[in-house]
Amino acid sequence: DQLCSVPTPLACYKDGDNMPLDSENFPRGTFVGGEIRQTKPVRGDQFQTYTDALEFCQKAFGEDWRVLSFHEAGGGAVSSLSAIPVNSRMLIDVTDQPHATCWSRD
């Protein structure tokens, strides 16, 4: 829902099992145990392929990081214990919709 030319942070994700004690208070199916971080705002069209975006996350945060997937928590919304502002808008990966990301699949 945003042009790839608009600088937007890239959402990066690292698997984990950090769940809050009150996770039942979050919308069902949205909570992930891993950590989400956002990069500085970047143009999504600077990434030719998913691998380019993946490498950007890994360069920013380390080799255990990858691009956050729309389907991480079932699709639609993701909640985590992460130090990012609530309702942040970020570039994410959508594997089953070829025109939903700024990059192509490898």
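I take helices (H or I, at least four residues) and strands (E, at least two) as DSSP runs, numbered from the N terminus. The model is predicted: local features need pLDDT of at least 70, side-chain atom pairs count only at pLDDT 80 or more, and totals for chains, interfaces and linings use all residues. Residues are numbered from 1 along each chain as its sequence is written, and side-chain values use heavy atoms, with hydrogens and water left out.

**Entry: T39**

I looked up T39 and found it in strand β2, residues 35-42. I checked burial next, where buried means under 20% relative accessible area, exposed over 50%, and partly exposed in between (1.4 Å probe, protein chains only). T39 has 7% relative accessibility, so it counts as buried. I then looked for polar contacts, meaning pairs of N or O atoms within 3.5 Å; within protein, one must be able to donate a hydrogen and the other to accept it, and residues adjacent in sequence count only if both atoms are side-chain atoms. The T39 side chain reaches the backbone nitrogen of L10 at 2.9 Å. For contacts I used heavy atoms within 4.5 Å. Leaving aside neighbours within four places in sequence, T39 is in contact with P9, L10, C12, F56, A60 and F61.

**Entry: T101**

I placed T101 in the segment after β3 (66-67). Its relative accessibility is 13%, so T101 is buried. Its side chain reaches a backbone oxygen, that of W103, at 2.9 Å. Not counting residues up to four places away in sequence, T101 touches I92, D93 and V94.

**Entry: L54**

I found L54 in helix α1, residues 50-61. L54 counts as buried because its relative accessible area is 18%. Beyond four places in sequence, L54 touches W65, R66 and V67.

**Entry: nonpolar cores**

I defined a nonpolar core as a set of buried Ala, Val, Leu, Ile, Met, Phe, Trp, Tyr and Cys residues joined through side-chain atoms within 4.5 Å. Which residues form the largest one? I listed 12: L10, C12, V42, F47, Y50, A53, L54, C57, W65, V67, L91 and W103. β1 (8-14) and α1 each supply at least two residues of this core. α1 gives the most, with four residues. A second, separate core has seven residues, including A11, V32, I36 and L68.

Leaving aside neighbours within four places in sequence, V67 is in contact with L10, A11, C12, Y50, A53, L54, C57, I92, D93 and W103.
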